[in-house]
Amino acid sequence: MPVARAAVSGYYLGGITPDRIVLTASTSEAYAFVFKLLAEPGDQVLVPSPSYPLFDYLAALDSVRVVQYPLVYHGSWNIDFHALTRAITSRSRAIVLVNPNNPTGSFLKQSELSPLLALCREHNLALISDEVFADYAIRDDPRLVRSLTGIDEVLTFCLSGLSKVAALPQLKLGWIVTGGPPVDREKALERLELIADTYLSVGAPVQWAAPALLGLRAPLQRQILARVLANRSFLASQIGPTSPWNLLATEGGWYAVLEAPRIHSEEEWVLNLLTGDGVLVQPGFFFDFEREAFLVISLLTPEDVFREGIRRILARAR
């Protein structure tokens, strides 16, 4: 509906015209639409590691193969461009970014943008940028790329939705913002419209409500960011310079990554905390961390509960 596309355009402060927006029922469905658009069965998409473990399932359902490329951590997270280049084959069709990444909270850096675009041009690859957490940067930092919606050098698909933007995961509305060279962009939009019209998955009520729902996002986001920042600040305050624990740096998102002492495996850490202390965290291997031992902790937990949970976690090794 034009009213819903106009509402999404307004979310981008009018910088994106409604005709560049394709509506979906969720960001997951947006991935599926773009995979259908770009890939034949057996083709490949390159996805970051560590990252959210949904890509394998989404790609497999469209008969597309996932090839991982690593993010490396040296005080901050960055793309390993040598490994990314080596991962590209004649069957590669797109590079996926999660910006900021889930769970590392890392944004694409301005210094990484030019080599990334050059790689896409050289190998005729599209960029798929998952920007559902883009509103949750922990600070303003000019070194970070907050969105790829303004890219016109290569075919680009930026994904987002109400789930994170307005904290409304059950009101099913996502979107794809298509960018790139005008001829390529228009051809992609024409075909995406065909895919979307084939499934007709987006409900009318949520489309009519989109302007009001997106209009509610600012106070909700302020509440979320306040809790996330308070919880992260408390966690950082509990880890001194001689602590056996290490809190990894982040730039956005809703999660903290805590490196645990290697006295247990990640699975042992998680199960011991759950059964012995009543604390639920996720193991790093769930997100394809290359080594152990990492615990992924939600910063959305109410502050009093979060503080008690952190005390129980850290008491396991001081």
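# Cavities, pockets and the sheet

Q: Which strand gives the most to the lining of the second largest cavity?
A: Strand β12, residues 255-259, which supplies three residues. Keep in mind that the model is predicted.

Q: Which residues make up the lining of that second largest cavity?
A: Pro 103, Thr 104, Arg 232, Leu 248, Ala 249, Thr 250, Tyr 255, Ala 256 and Val 257. By class, six of them are nonpolar, two are polar and one is charged.

Q: What is the volume of the second largest cavity?
A: About 30 Å³.

Q: How many cavities of 30 Å³ or more are there?
A: The count is two. The largest cavity has a volume of about 120 Å³. Its lining has 15 residues, and those closest to the centre are Leu 71, Ile 79, Ser 106, Phe 107 and Leu 108.

Q: Which elements give two or more residues to the lining of the largest cavity?
A: β3, β4, β5 (92-98) and β6 (108-109). β4 gives the most, with three residues. The classes in this lining are nine nonpolar, four polar and two charged residues.

Q: Which elements line the largest pocket with two or more residues?
A: α2 (27-38), α3 (55-61), β9 (156-161), α6 (162-165), β14 (294-298) and α11 (303-315). The biggest share comes from α11, with seven residues.

Q: How do the residues of that lining divide into nonpolar, polar and charged?
A: There are 26 nonpolar, 14 polar and five charged residues.

Q: And the second largest pocket, how much space lies in it?
A: About 430 Å³. There are 16 lining residues, and Leu 38, Asn 124, Ala 126, Leu 155 and Asp 184 lie nearest the centre.

Q: Which element gives the most to the lining of the second largest pocket?
A: α7, with four residues. α2, α5 (110-123) and α7 (182-199) each supply at least two. By class, this lining has nine nonpolar, one polar and six charged residues.

Q: Changing topic: what is the strand order in the sheet of eight strands?
A: The order is β1-β10-β9-β7-β5-β2-β3-β4, in an open sheet with mixed pairing.

Q: Which strands stand at the edges?
A: β1 (21-24) and β4 (77-79). Each has a single partner strand, so one side of each has no neighbour in the sheet. From one strand to the next, the twist averages 25°.

Q: How many bridges join β2 to β3?
A: Six, and β2 (residues 44-49) and β3 (residues 65-73) run parallel. In that pair, Leu 46 stands opposite Val 67 in β3.

Q: Which strands does α1 touch where it packs on the sheet?
A: β1 and β10 (174-179). The direction of α1 makes about 110° with that of β1.

Q: Staying with α1, is Ser 9 buried or exposed?
A: Ser 9 is in helix α1, residues 2-11. Its relative accessibility is 8%, so Ser 9 counts as buried, the cut-off being under 20%.

Q: Which residues does Ser 9 touch, not counting those up to four places away in sequence?
A: Gly 14, Gly 15, Ile 16, Thr 17, Pro 18 and Ile 21.

Q: Where is Ser 63 found?
A: In the loop between α3 and β3. At 42% relative accessibility, Ser 63 counts as partly exposed.

Q: And Leu 200, buried or exposed?
A: Exposed, with a relative accessible area of 66%. Leu 200 is in the loop between α7 and α8 (204-215).

Definitions and conventions. Residues are numbered from 1 along each chain as its sequence is written. This is a predicted model: local features need pLDDT of at least 70, side-chain atom pairs count only at pLDDT 80 or more; totals for chains, interfaces and linings use all residues. Side-chain values use heavy atoms; hydrogens and water are left out. Buried means under 20% relative accessible area, exposed over 50%, partly exposed in between (1.4 Å probe, protein chains only). Contact means heavy atoms within 4.5 Å. Ala, Val, Leu, Ile, Met, Phe, Trp, Tyr, Cys and Pro count as nonpolar, Asp, Glu, Lys and Arg as charged, and the others, Gly among them, as polar. On a 1 Å grid over the protein atoms alone, a cavity is a set of points where a 1.4 Å probe fits but cannot get out, and a pocket is an open set with protein on both sides within 12 Å along at least five of seven lines; lining residues have an atom within 4 Å of a point. Grid points are joined across faces, edges and corners, and a volume is the space filled by probe spheres set on the points. Two strands pair if DSSP finds at least two bridges between them. Axes are lines fitted to C-alpha atoms, for helices over the stretch in contact, and angles run from 0 to 180 degrees between N-to-C directions.
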